[in-house]
Amino acid sequence: MRIHIMNLQDGDRLTADTFSDAGLHILGKGTVIKSEDISLLMQHRVDYVDIESREEEITEAEFFAAAAKFAAGSSIAAGSSIKEEPPEEEMKSQFTQTVHNYQNAFLEALTVGKFNATMVDDALQPMVDGLDEQKDVVHLLMMLERDDVNNYTHSIQVGLLSFYIASWMGYSQKESYQISRGGYLHDIGKCRVSHRIRNKVEPLTADEQLELQRHTIYGHDIIKSSMTDEATALVALQHHEREDGSGYPMQMDKSEIHPYTQIVSVADVYIGMRSGIHGGSNPNLINNLRDIYAMGFGKLNEKPVQALMQHLLPNFIGKQVLLSNGEKGVIIMNNTSDIFNPLVKVESEQYRDLSKERSIAIKELII
């Protein structure tokens, strides 16, 4: 099937070699599309490519025919009901669509230096509106974790968690959405950073590190060019600042960092830990929270850190866990005096108080 490059998705596979107008070979047949491939196509002004048909892909004509049939009432018999998508599957589907829409904004910013702010809100608002129904935030975030971690999935997860933290701290629905949007767009400036640097596995050189750090400044400029929301632009600029002055790009201290940024920074660090951006891939969730908790004493603002702890830890009760000694069990109680070492009931009907049995730890949380 022939498709415009703005409609490409990560995972699409080319069915033919792709050349620029000048005859330069860009991508080979069989290439599995990634974000940097789309950037490459745009840089060489390639508009259309041929890809393998997607599963369950329907043509525009088929879509409108089905819509007309539904509107006429001929597709549903009297007395029958529409089968609704399970909430989890609906959320996953919505997440995937939001990823695709963020990808479009990212590539638009790369091409013309700004994005369509209305399209951003149209993509993010429905996702945020569904969060009130997801009370178990631990389960939601783990459910939305992806093996194909990239700038798009990371940014959306940061946006969602930022919304929750803002809500827990007492911000209004409108303010929480604005903070969520700041989280959603916090890394938009990475579109101007070389994909070679963004995706480099080996340690960055000093010059490469400086270039990557400039994504905060690029993001601020892009957002200022795209929308009249100074707070969102400041989130992009400041989200790597730390309250002890050790962050970048301006080594701000606590009094200079915007309150919205303080929230997004906590969400960014947490999601980064979970996705491997700030360490190994999907490390121990309890250790993640312990590390965030420690950063609340000098680096990250203590208020959003405490909000995260107070609302995530109760969600652990009832969760299945794998312990470091090989036993499986269920968390039945949090220890108020040792919040990272709960009481666990194991399969042998015994209890493991991890605050006392220090040689045993939670290795993995199971959903």
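**Figure 1. Burial and surface of the protein chain.** Of the 367 residues in the protein chain, 47% are buried (under 20% relative accessible area with a 1.4 Å probe, protein chains only). This is a predicted model, in which local features need pLDDT of at least 70, side-chain atom pairs count only at pLDDT 80 or more, and totals for chains, interfaces and linings use all residues. Residues are numbered from 1 along each chain as its sequence is written, and side-chain values use heavy atoms, with hydrogens and water left out. Carbon and sulfur atoms hold 51% of the accessible surface of about 18,500 Å² (Shrake-Rupley method, 1.4 Å probe).

**Figure 2. Helix α6, residues 151-168.** Here is a helix to follow from end to end: its 18 residues span 26 Å from first C-alpha to last, close to the expected 26 Å (1.5 Å times one less than the number of residues). Helices are DSSP runs of H or I with at least four residues, numbered from the N terminus. Because 16 of its 18 residues are buried, α6 is largely enclosed by the rest of the structure. After α6 comes Gly 170, with a positive phi near 95 degrees.

**Figure 3. Helices α9 and α10 packed together.** Look for α9 at residues 206-213 and α10 at residues 215-226; their axes, lines fitted to C-alpha atoms over the stretch in contact, lie 5 Å apart at about 25 degrees. The two helices are therefore roughly parallel (angles under 35 degrees, between N-to-C directions). Glu 211, Leu 212 and Gln 213 of α9 contact His 215, Thr 216 and Tyr 218 of α10 (heavy atoms within 4.5 Å).

Technical notes
Buried means under 20% relative accessible area, exposed over 50%, partly exposed in between (1.4 Å probe, protein chains only). Axes are lines fitted to C-alpha atoms, for helices over the stretch in contact, and angles run from 0 to 180 degrees between N-to-C directions. Angles under 35 degrees count as roughly parallel, over 145 as roughly antiparallel, 65 to 115 as roughly perpendicular and the rest as oblique.
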